[in-house]
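Thanks, everyone, for making the time this morning.

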Amino acid sequence: MDEILNATRYVNQLLKESKEYQRFIFARNQLRANTDLYQRLKEMKERYKDVQAYWEGNPYDEIYRICQENDELLHNSVVNEYLRAESALSHLIRMMVDTVVEGFHIDFE
């Protein structure tokens, strides 16, 4: 088990050194430097998560409305760069996790 944990720590360090993570940290710092933008995006993302988690039926119309209400915010260059960096980092982490669990089939019978 120690070998697996050590390998995991190594992968964690590689992720922190990746261009995707570095870009994310830079973009996050740029966003946090503007308190108003940071707070507005945080509120929008919370509303978005609530719709995804608690909305009955298809949440498309509500999500579309949230995006329309925040169109100016979403097109702000600082916010847009943050969202792109966050997406790229999330994609990298998802690919890493998918690779780690590749070939595992746990059946509960």
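Let me begin with a question: which residues does Asn 70 touch, not counting residues up to four places away in sequence? Before I answer, please keep in mind that this is a predicted model. Asn 70 sits in the loop between helix 4 and helix 5, and with a relative accessible area of 13% it falls under the 20% limit and therefore counts as buried. The residues it touches, with that same exclusion, are Met 44 and Arg 47.

At 1.5 Å a residue, the 20 residues of helix 3 should span 28 Å, and because its end C-alpha atoms are 28 Å apart, the expectation and the model agree. The buried residues of helix 3 are Leu 37, Leu 41, Met 44 and Val 51, and since they cover an arc of only 85° around the axis, they lie on the same side of the helix. That buried side packs against helix 2, helix 4, helix 5 and helix 6, whereas the face turned away from it carries the exposed residues Thr 35, Lys 49, Ala 53 and Tyr 54.

Now to the largest nonpolar core, which has 16 residues, and where those with the most contacts inside it are Phe 24, Leu 31, Leu 41, Met 44, Leu 73, Val 79 and Tyr 82.

Conventions:
Residues are numbered from 1 along each chain as its sequence is written. This is a predicted model: local features need pLDDT of at least 70, side-chain atom pairs count only at pLDDT 80 or more; totals for chains, interfaces and linings use all residues. Side-chain values use heavy atoms; hydrogens and water are left out. A nonpolar core is a set of buried Ala, Val, Leu, Ile, Met, Phe, Trp, Tyr and Cys residues joined through side-chain atoms within 4.5 Å. Buried means under 20% relative accessible area, exposed over 50%, partly exposed in between (1.4 Å probe, protein chains only). Helices (H or I, at least four residues) and strands (E, at least two) are DSSP runs, numbered from the N terminus. The expected span of a helix is 1.5 Å times one less than its number of residues. The arc is that of the directions from the helix axis to the C-beta atoms. Contact means heavy atoms within 4.5 Å.
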